[in-house]
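Subject: Structure for you to look at

Hello,

Here is the structure I said I would pass on. Please open it beside this email and follow along.

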Amino acid sequence: MHLRYGLLADSVAPGAQGKKNIIGTFQAIHAGKYPCVHPSLSLLIRIEGDASETGPHEIELVFVDADYKAIAKPMKAEFRLDEKSRPAPGVPVSAEVVMNIQNLPLAKAGPYEFVLRVDGRHLGGIPLYAVEAKQPGG
């Protein structure tokens with residue numbers, strides 16, 4: 001099993017025929033001052049595996065700072081890898097999971113990461129950068 005991608009967006013909603021409607025992708029949050037709280041974002045995660053990994057699984061997402069210190073309570077979700085997700089022979093089974101995150105604390109400008117574990121196994125990370133917005137006239 002592996003992380004195919006993780007995408008940060010303002011929102012991700014279900015679309016027609018299993019597609020996702022993604023609005024406002026980004027990799028950085030700009031704030032005039034820190035600390036701050038980002039009110040809302042969505043994280044779209046695609047996980048792929050092989051036939052031996054079909055069945056239920058648990059994601060744990062931990063938001064960490066540059067020192068890999070957890071700065072928010074871990075978020076958990078369940079998903080299922082299913083043979084029905086395979087569109088053609090030879091294509092991996094997959095699942096897309098949307099995690100909606102509210103009130104994300106950002107202590108200071110700098111790099112952060114959403115660390116992804118599935119069934120306790122580290123699969124990767126999705127970076128997020130907090131940037132100090134330039135003040136007008138400054």
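Is Asn103 buried or exposed? The model is a predicted one, and in it Asn103 is exposed, because its relative accessible area is 54% and the cut-off for exposed is over 50%. Asn103 sits in strand β7. Its phi is near 55°, which is a positive value in a residue other than glycine.

The chain as a whole

The chain has nine strands and zero helices. Read from the N terminus, the elements are therefore a plain run of β-β-β-β-β-β-β-β-β. The C-alpha trace spans about 60 × 35 × 20 Å along its principal axes. Of the 138 residues in the chain, 38% are buried. Among contacts with a separation of 6 or more, 66% are between residues 24 or more positions apart.

Pro35 lies in the loop between β3 (28-31) and β4. The peptide bond that joins Tyr34 and Pro35 is cis, with omega about 0°.

The sheet of five strands

Five strands form an open sheet with mixed pairing, in the order β3-β9-β8-β5-β6. Here β3 and β6 stand at the edges with a single partner strand each, so one side of each is left without a neighbour in the sheet. Neighbouring strands of this sheet are turned by 25° against each other on average, again ignoring direction.

The strands β3 and β9 (residues 121-132) run parallel and are joined by four bridges. Ala31 has Glu132 in β9 as its bridge partner.

Which strand holds Glu113? Glu113 lies in β8 (residues 110-118). Glu113 is buried yet has no salt bridge. The nearest side chain of opposite charge is that of Arg117, 9.5 Å away; a salt bridge needs the charged atoms to be within 4 Å.

What does Glu113 have around it? Apart from neighbours within four places in sequence, Glu113 is in contact with Val62, Phe63, Val64, Tyr68, Gly125, Ile126 and Pro127. With one of these, Tyr68, the side chain of Glu113 makes a polar contact of 2.8 Å, side chain to side chain.

Tyr68 is in the loop between β5 (55-64) and β6 (75-81). Although Tyr68 is not a glycine, its phi is positive, at about 60°.

That is what I have on this one.

Regards

Definitions and conventions. Residues numbered from 1 in each chain as written. Predicted model: local features only at pLDDT ≥ 70, side-chain atom pairs only at ≥ 80, totals over all residues. Heavy atoms only, no water. Helix = DSSP H or I, 4+ residues; strand = E, 2+ residues; numbered from the N terminus. Buried < 20%, exposed > 50% of the residue type's maximum accessible area, 1.4 Å probe, protein only. Lys, Arg positive; Asp, Glu negative; His and termini not counted. Polar contact = N/O pair within 3.5 Å; in protein donor to acceptor, adjacent residues only side chain to side chain. Contact = heavy atoms within 4.5 Å. Pairing = 2+ DSSP bridges. Axes fitted to C-alpha atoms, helices over the stretch in contact; angles between N-to-C directions.
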